Amino acid sequence: MSGGDVLIDAAGARLEGILQLPEDPCGLVLFAHGSGSSRFSPRNQMVAGQLNRAGIGTLLFDLLTAEEHREDEITREYRFDIALLSDRLIAALDWAHGMEETRDLKLGLFGSSTGAAAALIAAAERPALAAAVVSRGGRPDLAGEMLPLVRAPTLLIIGGEDDVVIELNREAAARMSNDPAMEIVHGATHLFEEPGTLEAVIQLAIDWFRRHLAGTGGHGPD
């Protein structure tokens, strides 16, 4: 395993991240968390660790600076600033494509909560870079008018007990032109805290990314 702590320059904002690359990775997955989470999210770290063991590289990074995160803990304003979050994720995609270690890897996006909307917008804005998207308990509806522009194969994973989010995902999927797949994890609520539910998400994500990230990238940004 190679990699370690990294800094990503996103239009002047310095974003801290953790890059992990197993030997001969079959792709790189960038994580877009939401709802005030960070690169230290136990759930995303668990998902990333399992992806690494499955031979997939991961980039966990903060979509907010330390100061923005502190403000968001009080005001909760940044976590729903989808335009800001998606701009930061696009910058991270460009960064990964430009890095010698990762430039030849196909790139996937794993979005949670509001981060799923950012992931879909980034995929629409960088169709030559984003090769696959997985949403976990996400809010794809917040991607709005960008939804029909997403070309990357998309998997929407929702908890079976997360009724409102199930309906929001169905409505968003109906607006997408890439025929997204939807998987409902029975017995799971929004955070997939119930026994075995996060493990189900991880296996679904591994299968999706293995299917769509195998092979090298070899293409540049539009």
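**Notes on the fold and a few buried residues**

1. Let me start with Ser135, which is buried, its relative accessible area being 2% (buried is under 20%, exposed over 50%, partly exposed in between, with a 1.4 Å probe and protein chains only). It sits in strand S6, residues 130–136; helices (H or I, at least four residues) and strands (E, at least two) are DSSP runs numbered from the N terminus. Setting aside neighbours within four places in sequence, Ser135 is in contact with Gly111, Ala116, Leu155, Leu156, Ile157 and Asn169, contact meaning heavy atoms within 4.5 Å. A polar atom of the Ser135 side chain also lies 3.5 Å from the backbone nitrogen of Gly138.

2. Before going further, a word on the ground rules. This is a predicted model, where local features need pLDDT of at least 70 and side-chain atom pairs count only at pLDDT 80 or more, while totals for chains, interfaces and linings use all residues. Residues are numbered from 1 along each chain as its sequence is written, and side-chain values use heavy atoms, with hydrogens and water left out.

3. Now the sheet as a whole. It is open and built from eight strands in the order S1-S2-S4-S3-S5-S6-S7-S8, with mixed pairing; two strands pair if DSSP finds at least two bridges between them. On average, neighbouring strands are turned by 20° against each other, direction ignored.

4. How buried is S6? Seven of its seven residues are buried, so the strand is largely enclosed by the rest of the structure. S6 runs parallel to S5, joined by six bridges, and Ser135 in S6 is the bridge partner of Gly111. Between S5 and S6 the chain passes through helix H4 (residues 114–125), in a right-handed β-α-β crossover; right-handed means that, with the strands pointing away from the viewer, the path from the first strand over the helix to the second runs clockwise.

5. Strand S7 (residues 154–159) is also parallel to S6, with four bridges between them. Here Arg136 has Ile157 in S7 as its bridge partner. Elsewhere, S3 pairs in the parallel sense with strand S4 (residues 57–61) over three bridges, and Leu28 has Gly57 as its bridge partner in S4.

6. Helix H5 (residues 163–175) lies across S6, S7 and S8, at about 160° to S7. Axes are lines fitted to C-alpha atoms, for helices over the stretch in contact, and angles run from 0 to 180 degrees between N-to-C directions.

7. Which aromatic pair turns up? A search of the whole structure finds one: Phe31 and Phe110, tilted, at 5.0 Å centre to centre and 40° between the planes. Phe31 is in strand S3 (residues 28–32) and Phe110 in strand S5 (residues 107–112), so the pair ties together parts 79 residues apart in sequence. Both Phe31 and Phe110 are buried. For the cut-offs, rings of Phe, Tyr and Trp (its six-membered ring) pair if their centres lie within 6.5 Å; planes under 30 degrees apart are stacked, over 60 edge-to-face, the rest tilted.

8. Finally, Ser112 is found in S5 and is buried, with a relative accessible area of 4%. Leaving aside neighbours within four places in sequence, Ser112 is in contact with Ala32, His33, Gly34, Asn44 and Arg136.

Notes. A polar contact is a pair of N or O atoms within 3.5 Å; within protein, one must be able to donate a hydrogen and the other to accept it, and residues adjacent in sequence count only if both atoms are side-chain atoms.
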